[in-house]
Amino acid sequence: MLYMVVLTAAFLFQIFHDGYIAHFLFLLTVFFPPVSLLMSLLVHRGTGIALRAHPGECLRGEEGSWLLEIRNPGGIPLHRLKLQLNRENLLTGDRDAQGIRLEGLARGGTRSLSFPTGDCGRIRLRVRRAGLADLSGLFVLPLRLPDPAEALVLPAPREPEALLEQILGEHSSGKGSRSPGAGEDWELRDYRPGDRLHHIHWKLSGKRDQLVVRELQKSGQPLVLAYGHRGERGKLNRTLERVRGLSEALLLRGISHRIAGISKEGTMVEKLVEDRSALKEFWQEALGLYAPPEAEDELRTSSFDAPVYTVEPGGEES
């Protein structure tokens with residue numbers, strides 16, 4: 001708009017003043033935009049943007065942010081950088097868009113952009129449009145779009161004590177085994193925090209001068225932690241927090257298990273968890289699968305050939 005006012009003024013000045021100054025100002029005004037555009041293409045060559053999550057994962061409710069990195073090797077201050085960002089929670093399906101305008105960037109730099117962490121999920125941020133104004137501010141030079149960035153909003157572990165006690169009791173007594181003769185053979189191992197006192201082999205512990213635990217040898221499939229992979233967001237968050245707390249408690253005691261997120265149609269995601277790396281892989285997959293908000297029906301777990309423990313959301317705490 002400002003350029004059109006200047007161009008009109010230069011044109012009128014040339015009409016009413018027949019002199020070289022009027023012609024010079026008019027020609028300068030006419031050729032300024034293309035010259036400015038050409039100079040911008042030269043001095044801003046190599047300018048680009050990159051996007052990454054920092055940190056790559058956080059707990060629900062904690063602060064999460066993206067880092068937008070602007071590369072400007074030429075060192076000429078960028079007149080105006082405009083971005084259109086799209087954000088999506090792959091678990092809940094929530095989406096939003098945000099426009100960003102940055103000015104006065106000299107040699108680039110990094111800008112921090114926060115994102116909401118009220119719900120668990122895998123958050124994906126994508127730059128839909130990126131444009132850099134030329135030196136005159138009249139034209140917008142398109143920039144190459146960076147690769148999308150993702151971050152995990154993990155459930156904060158919350159251990160369901162009653163269910164954990166039930167699992168530990170049945171696991172130690174051999175009820176978790178489906179094989180014939182389960183409970184007849186015993187094995188000895190070192191004591192782990194959380195083992196019950198009546199499982200300690202006191203006589204052998206006295207000989208070895210360290211605590212030794214006696215437990216039943218079990219064969220068959222590992223136990224299954226099942227939860228509904230859908231439902232109201234608050235309940236789903238609490239369910240995931242209890243699943244994580246229970247899974248970590250079992251890993252601490254050396255108990256391998258499977259986690260199964262079950263939808264109305266059947267199992268959506270299932271993973272054998274034998275260590276923390278496997279548990280991390282499970283969250284990477286499970287938090288990226290869309291969970292419909294409709295209420296969950298009764299879980300169908302009859303297809304599992306192993307003891308199944310259903311994890312419920314628990315109380316109404318946030």
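A salt bridge is counted here when a side-chain nitrogen of Lys or Arg lies within 4 Å of a carboxyl oxygen of Asp or Glu. The model is predicted, so local features need pLDDT of at least 70 and side-chain atom pairs count only at pLDDT 80 or more, while totals for chains, interfaces and linings use all residues. Residues are numbered from 1 along each chain as its sequence is written, and side-chain values use heavy atoms, with hydrogens and water left out.

The chain holds six helices and 15 strands; helices (H or I, at least four residues) and strands (E, at least two) are DSSP runs, numbered from the N terminus. Of its 318 residues, 42% are buried, where buried means under 20% relative accessible area, exposed means over 50%, and partly exposed lies in between (1.4 Å probe, protein chains only). A contact means heavy atoms within 4.5 Å. Among contacts in the chain with a separation of 6 or more, residues 24 or more positions apart account for 72%.

One part of the fold is an open sheet of four strands, in the order β14-β13-β12-β15 and with mixed pairing. Two strands pair if DSSP finds at least two bridges between them. Strands β14 (267–273) and β15 (308–310) are at the edges with a single partner strand each, so one side of each has no neighbour in the sheet. From one strand to the next, the twist averages 20°. Axes are lines fitted to C-alpha atoms, for helices over the stretch in contact, and angles run from 0 to 180 degrees between N-to-C directions.

Inside the sheet, β12 (residues 223–228) and β13 (residues 257–262) run parallel and are joined by six bridges. Val224 is found opposite Arg258 in β13. Helix α5 (residues 233–252) packs on the sheet and touches β12, β13 and β14, its direction making about 170° with that of β12. Helix α6 (residues 276–286) also packs on the sheet, touching β12, β13 and β14, and its direction makes about 170° with that of β14.

How close are the closest N and O atoms of Arg258 and Glu270? These two residues form a salt bridge in which those atoms are 2.9 Å apart. Arg258 belongs to strand β13 and Glu270 to strand β14, so the pair ties together parts 12 residues apart in sequence. Arg258 is partly exposed, at 23% relative accessible area, and Glu270 is partly exposed at 34%.

The count of salt bridges comes to 12. Side chains of opposite charge can pair when their charged atoms come close. One of the bridges joins the side chains of Glu241 and Arg60 (2.9 Å, N to O). Glu241 is in helix α5 and Arg60 in the loop between β2 (57–59) and β3 (64–71), so this pair ties together parts that are 181 residues apart in sequence. Glu241 is buried, with 2% relative accessibility. A network of salt bridges links Arg60, Arg158 and Glu241. Helix α5 also holds Glu248 and Arg244, four residues apart and thus separated by about one helical turn. Their side chains meet in a salt bridge (2.9 Å, N to O). Glu248 is buried at 15% relative accessible area, and Arg244 is buried at 14%.

Cys120 lies in the loop between β6 (109–115) and β7 (121–133). Is this residue buried or exposed? Cys120 is buried, with a relative accessible area of 0%.

Most residues other than glycine have a negative phi. Asp209 has a positive phi of about 60° although it is not a glycine. Asp209 lies in the loop between α4 (202–208) and β11 (212–216), and at 71% relative accessibility it counts as exposed.

The accessible surface of the chain comes to about 17,700 Å², with 53% belonging to carbon and sulfur atoms; accessible areas come from the Shrake-Rupley method with a 1.4 Å probe, and for residues only the protein chains shown count as cover. Tyr191, Leu197, Trp202 and Leu211 make a nonpolar surface patch of about 430 Å². Patches are made of residues with over 30% relative accessible area and no salt bridge, with like charges joined within 9 Å and nonpolar side chains (Val, Leu, Ile, Met, Phe, Trp, Tyr) within 5 Å. Tyr191 is in the loop between β10 (186–190) and α4 and is partly exposed, at 32% relative accessibility.
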